[in-house]
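Work through the exercises below with the sequence and the structure at hand. Each task is followed by a solution in steps.

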Amino acid sequence: MGESAVRKTKYRKRSVATEGTSYFDFILFFIVIVLIAFGLVMLFSVTSYESTDKFGYSYYYLKHQLIGVAIGAVVMLFFVLVDYHAWLRWVPVLYILTLILQLAVFVPGIGVEINESRRWIGVGNMTFQPSEIAKIAVIVVMAAIISKIPSQLKKFKTFVKMIVLAAILVVPIALTDLSTAVIIFAIVVAMLFVASPKIWHFVVGGVLVVMAGAGFILFAGYRAKRLADFFSDDTVFQTQQALYAIGSGGWFGKGLGESLQKLGYVPEAENDMIFSIIGEELGVFGIVCVILLFVLLLWRYIFVASNAPDLYGAMIAVGAFAHISLQVVLNIAVVTGTIPNTGVTLPFISYGGTSIIFLMAEVGLVLSVSRRIRLKN
C-alpha cells in the first residue's frame, strides 16, 4: 500500500511538469544579450586607448572578450538544452572536482600568480580562474542537497553540516580571494534561508562568518591595510579617481568614448572599475539604465524560481539570483566608496573571459529550469 502511494506521488509530480503549454523565458534571454552587448561596447570604449598603446591595435581586449562570449554562448546553449535534472547524478563529482581546482592554484607549475595574487590556473598560454567555476558549482550542489532534505533543514545540526560543506570549498578561495569567498558563502546562506528561514540559525551563522572574515583579513596584511585605508581620512587613489569619473559625468555624461579618467587615471578601469567609466561617459542616465537592466534580470530569476516545477529548479534560480545581486551591489558599493576595495567585477560587463563563460553557463542553467515550466492553457 505504501509503495503504491509513493508511485502515485511520483506520477503526480511528473504530470505537473509535463502538462500545459511549454515555456521559455525569452525576456531573461534578451536581457542577458543586451547586458553582454552593452558590456562589449563599454569595454571597447574603456580599453581602446590602452590597447593601442600596449599592443598596437585598439581591439585587443575586445577580441579576447569576444572569444569568451563565443565560448560562453556555446556553453549556455548546452546548459539550456540539457535537462537540469541530469546534473543531479554528477553532484559528488562536481563537488570534488571543484575542490581540487581550488587547491590546484597553490601547486607550483599549475597555479599562476598575477598582480601578486595566486588565483589562476595556467593551461598552455591561457589562464582561468577556478573560483568562477566554484560559483556555479556551489549553486548546483547546494540546490541538489536542499531538494533532497528540505524537511531536515529546520534542524540546526543540518544547517551546520551544510555550512561546513560550503566552507570546505570556500576556505581555499578565501586564502587568496576573500571577496569571491564571501560571495560564494553568501550564495549558500541565501539558498538556505529561502529553503528554511530559521532566523536564529543565520544569526549564529552571521557571527561565525564575521569572525572567519576577520581572521582572513588579519591573515593577509594587505587586507588589513586596505581596511585601515578605507577608514582613514585619505581616500584610496583608485576609489578617488572613480568618484571623479562619476562626478564629472553629470546627468547625461561626456559621451561614449570621451572619458578622461580611463586614460590611466583609474587603475583596472576595464575590470572592477568599469562602472565609474559608465558614469563618466553616459552620466546618471547610463547608470540608471544599467541598474534597471540588472533589476529586470533579477526579476526574471524570481519568476523562474517562483514557477519552477520542483524545489531543485527553484533553488538553482535562487542561487543565481543571490550571485548576481551580491556581485552587482558589491561592485557598485566599491566604486562609490561605500565599502573597501574588494576587486569584485560587474557581471556581464567587466573584462574577463572565465567570468563571462561561467556567467553565461549559469544563465543557461536557469533557462533550462524555465524550459520545464508549464503554463496552464
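Predicted model: local features only at pLDDT ≥ 70, side-chain atom pairs only at ≥ 80, totals over all residues.

**Exercise 1.** Classify the ring pair of Phe 78 and Trp 87.

Solution. A pair of aromatic rings is described by the distance of the centres and the angle of the planes. The model contains 17 aromatic pairs. In the pair of Phe 78 and Trp 87, the centres are 6.0 Å apart and the planes form an angle of 65 degrees. Ring centres must lie within 6.5 Å to pair, and planes over 60 degrees apart count as edge-to-face. The pair is therefore edge-to-face.

**Exercise 2.** State whether Phe 78 is buried, partly exposed or exposed.

Solution. The relative accessibility of Phe 78 is 44%. Buried means under 20% and exposed means over 50%. Phe 78 lies in between, so Phe 78 counts as partly exposed.

**Exercise 3.** Find the rings over which the charged end of Arg 300 sits.

Solution. Begin with Trp 299: the charged end of Arg 300 sits over this ring, 4.3 Å from the centre. Then take Phe 303: the charged end of Arg 300 also sits over this ring, at 4.4 Å from the centre.

**Exercise 4.** Which helix supplies the largest share of the nonpolar patch?

Solution. The patch covers about 860 Å², and its residues include Phe 193, Ile 199, Trp 200 and Met 211. Helix H7 (178–195) and helix H8 (199–219) each contribute at least two residues. Phe 193 belongs to H7, and counts as partly exposed because its relative accessibility is 36%. The largest share, seven residues, comes from H8.

Terms used. Residues numbered from 1 in each chain as written. Heavy atoms only, no water. Phe/Tyr/Trp six-rings, centres within 6.5 Å; stacked < 30°, edge-to-face > 60°. Buried < 20%, exposed > 50% of the residue type's maximum accessible area, 1.4 Å probe, protein only. Lys NZ or Arg CZ within 6 Å of the ring centre and 35° of its normal. Patch = residues over 30% accessible without salt bridge, like charges linked within 9 Å, V, L, I, M, F, W, Y side chains within 5 Å. Areas by Shrake-Rupley, 256 points an atom, 1.4 Å probe, with all protein chains shown as cover. Salt bridge = Lys/Arg side-chain N within 4 Å of Asp/Glu carboxyl O. Helix = DSSP H or I, 4+ residues; strand = E, 2+ residues; numbered from the N terminus.
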